[in-house]
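Dear colleague,

Please find below the structure that I am handing over to you.

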Amino acid sequence: MEKDLVYMAILDDLQELYDNGWDASFDYNGQVCGIFPNSVHDIVVVIGDKEYQVSSFNDLISLKIGDNTLINIMDGIEVQYY
């Protein structure tokens, strides 16, 4: 149940980011990471030196990075939205 609430909070934050064109930054496994929506159809996700491009909110929340999804990566880390 608590895990579901965490995922819902992350989804809400990502929806706000998507709707408002906010950027996000966070550290993951010692790498600087970010999410940069250029438009609702052009969102760049940077994980260390790898760059991923998605074209919708559904693509963003289901983005696979290695064996994880973006939401799993964001679980339990501090994300700055601006």
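A residue is called buried when its relative accessible area is under 20%, exposed when over 50%, and partly exposed in between, using a 1.4 Å probe and protein chains only. By that criterion, 35% of the 82 residues in the protein are buried.

This is a predicted model, in which local features need pLDDT of at least 70, side-chain atom pairs count only at pLDDT 80 or more, and totals for chains, interfaces and linings use all residues. Residues are numbered from 1 along each chain as its sequence is written, and side-chain values use heavy atoms, with hydrogens and water left out.

The mean pLDDT (the predictor's confidence in each residue, from 0 to 100) is 92, and 99% of the residues reach 70 or more.

The protein contains three helices and seven strands (DSSP runs, numbered from the N terminus: H or I of at least four residues for helices, E of at least two for strands). Their order from the N terminus is α-β-β-β-β-α-β-β-α-β.

The C-alpha trace spans about 35 × 25 × 25 Å along its principal axes.

Among contacts (heavy atoms within 4.5 Å) between residues at least 6 apart in sequence, 40% join residues at least 24 apart.

Asp13 belongs to helix H1 (residues 2-20) and is partly exposed, with a relative accessible area of 34%. Asp13 and Ala24 are eleven residues apart in sequence, and their C-alpha atoms are 9.7 Å apart in space.

Yours sincerely
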